Amino acid sequence: MTQDELKALVGQAALKYVVPGEIVGVGTGSTVNKFIEALATMKDRVPGAVSSSVASTERLRAIGIRVFDANEVGELAVYIDGADEIDGRGHMVKGGGAALTREKIVAAQSRRFVCIADDSKRVEVLGRFPLPVEVIPMATQRVVRQFQQMGGTAKVRLKDGQPLVSDNGQHILDVTGLKIRDPLGFESEVNQWPGVVTVGVFAHQKAQVCLLATASGVQTLEF
(Lines give C-alpha, C1' and ligand atoms only; values in the text may rest on other atoms or scores of the structure.)
Protein backbone atom coordinates (compact mmCIF):
# COMPACT_ATOMS: atom_id res chain seq x y z
CA MET A 1 0.00 0.00 0.00
CA THR A 2 1.13 3.56 -0.65
CA GLN A 3 1.62 5.96 2.26
CA ASP A 4 -1.47 7.83 1.08
CA GLU A 5 -3.51 4.63 1.24
CA LEU A 6 -2.17 3.87 4.71
CA LYS A 7 -3.23 7.33 5.89
CA ALA A 8 -6.72 6.78 4.48
CA LEU A 9 -6.88 3.44 6.33
CA VAL A 10 -6.23 4.95 9.77
CA GLY A 11 -8.39 7.97 9.00
CA GLN A 12 -11.30 5.62 8.46
CA ALA A 13 -10.42 3.50 11.51
CA ALA A 14 -10.51 6.59 13.75
CA LEU A 15 -14.25 7.02 13.16
CA LYS A 16 -15.05 4.39 15.79
CA TYR A 17 -13.54 6.67 18.45
CA VAL A 18 -15.82 9.59 17.55
CA VAL A 19 -18.61 9.82 20.13
CA PRO A 20 -22.00 10.46 18.45
CA GLY A 21 -23.66 13.57 19.86
CA GLU A 22 -20.39 15.06 21.15
CA ILE A 23 -18.10 17.69 19.69
CA VAL A 24 -14.87 16.14 18.38
CA GLY A 25 -11.36 17.60 18.58
CA VAL A 26 -9.64 17.57 15.19
CA GLY A 27 -5.91 17.97 14.55
CA THR A 28 -3.87 19.03 11.55
CA GLY A 29 -1.89 17.40 8.76
CA SER A 30 -2.09 15.03 5.82
CA THR A 31 -3.27 12.04 7.88
CA VAL A 32 -5.91 14.14 9.63
CA ASN A 33 -7.11 15.33 6.23
CA LYS A 34 -7.99 11.69 5.51
CA PHE A 35 -9.86 11.51 8.81
CA ILE A 36 -11.81 14.68 7.93
CA GLU A 37 -12.80 13.08 4.61
CA ALA A 38 -14.01 10.02 6.51
CA LEU A 39 -15.81 12.18 9.08
CA ALA A 40 -18.01 13.55 6.29
CA THR A 41 -19.82 10.19 6.29
CA MET A 42 -21.09 10.76 9.85
CA LYS A 43 -21.31 14.55 9.97
CA ASP A 44 -25.01 14.39 10.91
CA ARG A 45 -24.09 12.48 14.08
CA VAL A 46 -21.70 15.06 15.53
CA PRO A 47 -22.73 18.61 16.52
CA GLY A 48 -19.40 20.01 15.44
CA ALA A 49 -15.66 20.12 16.01
CA VAL A 50 -12.91 22.11 17.67
CA SER A 51 -10.04 22.50 15.22
CA SER A 52 -6.33 22.97 15.83
CA SER A 53 -5.59 25.05 12.72
CA VAL A 54 -7.01 27.39 10.12
CA ALA A 55 -6.38 24.74 7.46
CA SER A 56 -8.40 22.06 9.28
CA THR A 57 -11.15 24.56 10.07
CA GLU A 58 -11.53 25.30 6.37
CA ARG A 59 -11.67 21.59 5.50
CA LEU A 60 -14.26 20.86 8.19
CA ARG A 61 -16.49 23.72 7.10
CA ALA A 62 -16.17 22.63 3.48
CA ILE A 63 -17.79 19.27 4.32
CA GLY A 64 -20.53 20.92 6.37
CA ILE A 65 -19.23 20.45 9.93
CA ARG A 66 -19.61 23.38 12.30
CA VAL A 67 -16.37 24.52 13.96
CA PHE A 68 -16.51 25.87 17.51
CA ASP A 69 -13.99 28.10 19.22
CA ALA A 70 -12.29 26.17 22.03
CA ASN A 71 -13.61 28.72 24.54
CA GLU A 72 -17.21 28.05 23.51
CA VAL A 73 -17.20 24.44 24.69
CA GLY A 74 -16.11 22.44 27.69
CA GLU A 75 -14.21 19.16 27.83
CA LEU A 76 -14.07 17.18 24.59
CA ALA A 77 -14.54 13.43 24.52
CA VAL A 78 -11.76 12.76 22.04
CA TYR A 79 -9.01 14.51 20.10
CA ILE A 80 -7.86 12.84 16.88
CA ASP A 81 -4.54 13.93 15.39
CA GLY A 82 -1.43 12.61 13.69
CA ALA A 83 2.19 12.63 14.82
CA ASP A 84 5.63 13.10 13.31
CA GLU A 85 6.99 10.53 15.78
CA ILE A 86 5.52 8.33 18.48
CA ASP A 87 7.37 6.12 20.95
CA GLY A 88 6.35 2.97 22.82
CA ARG A 89 4.74 4.96 25.65
CA GLY A 90 2.54 7.25 23.56
CA HIS A 91 4.88 10.24 23.75
CA MET A 92 5.02 12.14 20.46
CA VAL A 93 6.83 14.79 18.47
CA LYS A 94 4.37 17.02 16.62
CA GLY A 95 4.43 20.29 14.73
CA GLY A 96 5.58 19.42 11.24
CA GLY A 97 2.53 21.34 10.06
CA ALA A 98 3.32 24.31 12.35
CA ALA A 99 0.13 23.88 14.42
CA LEU A 100 1.74 22.46 17.58
CA THR A 101 0.50 25.11 20.02
CA ARG A 102 -3.14 24.84 19.06
CA GLU A 103 -2.81 21.05 18.84
CA LYS A 104 -1.57 20.95 22.41
CA ILE A 105 -4.39 23.21 23.57
CA VAL A 106 -7.09 20.98 22.04
CA ALA A 107 -5.34 17.85 23.32
CA ALA A 108 -5.36 19.28 26.85
CA GLN A 109 -9.09 19.97 26.52
CA SER A 110 -9.85 16.36 25.58
CA ARG A 111 -10.37 13.27 27.72
CA ARG A 112 -8.72 11.00 25.17
CA PHE A 113 -6.02 11.53 22.53
CA VAL A 114 -6.19 9.11 19.60
CA CYS A 115 -3.09 9.33 17.41
CA ILE A 116 -3.40 8.22 13.78
CA ALA A 117 -0.17 7.48 11.97
CA ASP A 118 1.59 5.08 9.64
CA ASP A 119 4.28 2.76 10.97
CA SER A 120 7.12 4.93 9.66
CA LYS A 121 6.36 7.28 12.59
CA ARG A 122 7.10 4.69 15.28
CA VAL A 123 10.46 5.23 17.02
CA GLU A 124 12.27 3.89 20.05
CA VAL A 125 13.60 7.32 21.11
CA LEU A 126 12.15 10.67 20.06
CA GLY A 127 14.45 12.98 18.11
CA ARG A 128 14.85 11.54 14.63
CA PHE A 129 12.33 14.00 13.21
CA PRO A 130 13.40 17.67 13.56
CA LEU A 131 11.76 18.95 16.75
CA PRO A 132 9.41 21.92 16.12
CA VAL A 133 9.41 24.70 18.69
CA GLU A 134 7.14 27.72 18.40
CA VAL A 135 8.91 30.87 19.60
CA ILE A 136 8.25 34.58 19.97
CA PRO A 137 10.51 36.13 17.29
CA MET A 138 12.53 38.37 19.62
CA ALA A 139 13.67 35.28 21.58
CA THR A 140 14.76 33.28 18.53
CA GLN A 141 18.54 33.55 18.75
CA ARG A 142 18.66 33.07 22.50
CA VAL A 143 16.58 29.90 22.20
CA VAL A 144 18.87 28.73 19.37
CA ARG A 145 21.84 29.12 21.75
CA GLN A 146 20.06 27.20 24.52
CA PHE A 147 19.55 24.27 22.18
CA GLN A 148 23.22 24.48 21.18
CA GLN A 149 24.09 23.94 24.84
CA MET A 150 22.01 20.74 24.69
CA GLY A 151 23.84 19.56 21.58
CA GLY A 152 21.04 20.46 19.20
CA THR A 153 21.05 22.58 16.06
CA ALA A 154 18.04 24.88 15.72
CA LYS A 155 17.06 26.62 12.49
CA VAL A 156 14.20 28.98 11.74
CA ARG A 157 11.62 27.34 9.48
CA LEU A 158 11.30 29.27 6.23
CA LYS A 159 8.52 29.69 3.70
CA ASP A 160 9.31 31.39 0.39
CA GLY A 161 12.65 32.51 1.81
CA GLN A 162 11.13 34.22 4.85
CA PRO A 163 10.43 32.94 8.38
CA LEU A 164 7.21 30.95 8.39
CA VAL A 165 4.53 32.65 10.49
CA SER A 166 2.28 30.32 12.49
CA ASP A 167 -1.48 30.75 12.92
CA ASN A 168 -0.54 32.47 16.20
CA GLY A 169 1.77 34.99 14.51
CA GLN A 170 4.98 33.39 15.79
CA HIS A 171 8.01 31.64 14.28
CA ILE A 172 8.96 27.95 14.30
CA LEU A 173 12.40 26.53 15.08
CA ASP A 174 13.26 23.02 13.86
CA VAL A 175 15.85 21.35 16.08
CA THR A 176 18.03 18.43 15.00
CA GLY A 177 20.69 16.39 16.80
CA LEU A 178 18.69 15.58 19.93
CA LYS A 179 17.85 12.26 21.57
CA ILE A 180 14.89 12.86 23.85
CA ARG A 181 15.11 10.02 26.37
CA ASP A 182 13.03 11.77 29.06
CA PRO A 183 10.15 13.34 27.13
CA LEU A 184 8.27 14.53 30.22
CA GLY A 185 11.30 16.22 31.73
CA PHE A 186 12.41 17.66 28.40
CA GLU A 187 8.98 19.11 27.65
CA SER A 188 8.73 20.65 31.12
CA GLU A 189 12.18 22.23 30.87
CA VAL A 190 11.93 23.72 27.37
CA ASN A 191 8.43 25.07 27.95
CA GLN A 192 9.90 27.18 30.78
CA TRP A 193 12.40 28.96 28.55
CA PRO A 194 11.40 32.61 28.10
CA GLY A 195 10.12 33.15 24.58
CA VAL A 196 9.10 29.54 23.95
CA VAL A 197 5.39 29.35 23.21
CA THR A 198 5.28 25.55 22.90
CA VAL A 199 7.77 22.75 22.34
CA GLY A 200 6.58 20.00 20.01
CA VAL A 201 7.08 17.17 22.51
CA PHE A 202 3.69 15.81 23.56
CA ALA A 203 4.43 13.92 26.76
CA HIS A 204 2.12 15.68 29.22
CA GLN A 205 -0.57 15.46 26.51
CA LYS A 206 0.43 12.03 25.23
CA ALA A 207 -1.69 9.63 23.21
CA GLN A 208 -3.84 7.05 24.99
CA VAL A 209 -4.39 5.16 21.74
CA CYS A 210 -2.40 4.99 18.50
CA LEU A 211 -3.94 3.61 15.33
CA LEU A 212 -0.88 2.57 13.36
CA ALA A 213 -1.27 1.78 9.68
CA THR A 214 0.92 -1.13 8.60
CA ALA A 215 1.17 -3.18 5.43
CA SER A 216 -0.94 -5.86 7.14
CA GLY A 217 -3.64 -3.48 8.37
CA VAL A 218 -4.33 -1.14 11.28
CA GLN A 219 -2.57 -1.98 14.54
CA THR A 220 -4.12 -0.58 17.73
CA LEU A 221 -1.66 0.43 20.45
CA GLU A 222 -2.90 1.43 23.91
CA PHE A 223 -0.77 3.30 26.43
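So, two strands pair here if DSSP finds at least two bridges between them, and strands themselves are DSSP E runs of at least two residues, helices H or I runs of at least four, numbered from the N terminus. This is a predicted model, with local features needing pLDDT of at least 70, side-chain atom pairs counting only at pLDDT 80 or more, and totals for chains, interfaces and linings using all residues. Residues are numbered from 1 along each chain as its sequence is written, and side-chain values use heavy atoms, with hydrogens and water left out.

Start with β8 (131–135) and β12 (171–176): they run antiparallel, joined by five bridges. Within that pair, P132 sits opposite D174 of β12. Zoom out, and you get an open four-stranded antiparallel sheet, ordered β9-β12-β8-β13. β9 (153–156) and β13 (196–199) each have a single partner strand, so one side of each lacks a neighbour in the sheet.

Now the helices. α4 (100–108) lies across β8, β12 and β13, at about 70° to β13. α6 (183–191) lies across β8 and β13, and runs at about 165° to β13. Contact there means heavy atoms within 4.5 Å; angles are between N-to-C directions, from 0 to 180 degrees, with axes fitted to C-alpha atoms, for helices over the stretch in contact.

And the glutamate? E85, in strand β5 (85–86), is buried, meaning under 20% relative accessible area with a 1.4 Å probe, protein chains only. What's 2.6 Å from a polar atom of its side chain? The backbone nitrogen of F129.

Conventions:
Buried < 20%, exposed > 50% of the residue type's maximum accessible area, 1.4 Å probe, protein only. Lys, Arg positive; Asp, Glu negative; His and termini not counted. Salt bridge = Lys/Arg side-chain N within 4 Å of Asp/Glu carboxyl O. Polar contact = N/O pair within 3.5 Å; in protein donor to acceptor, adjacent residues only side chain to side chain.
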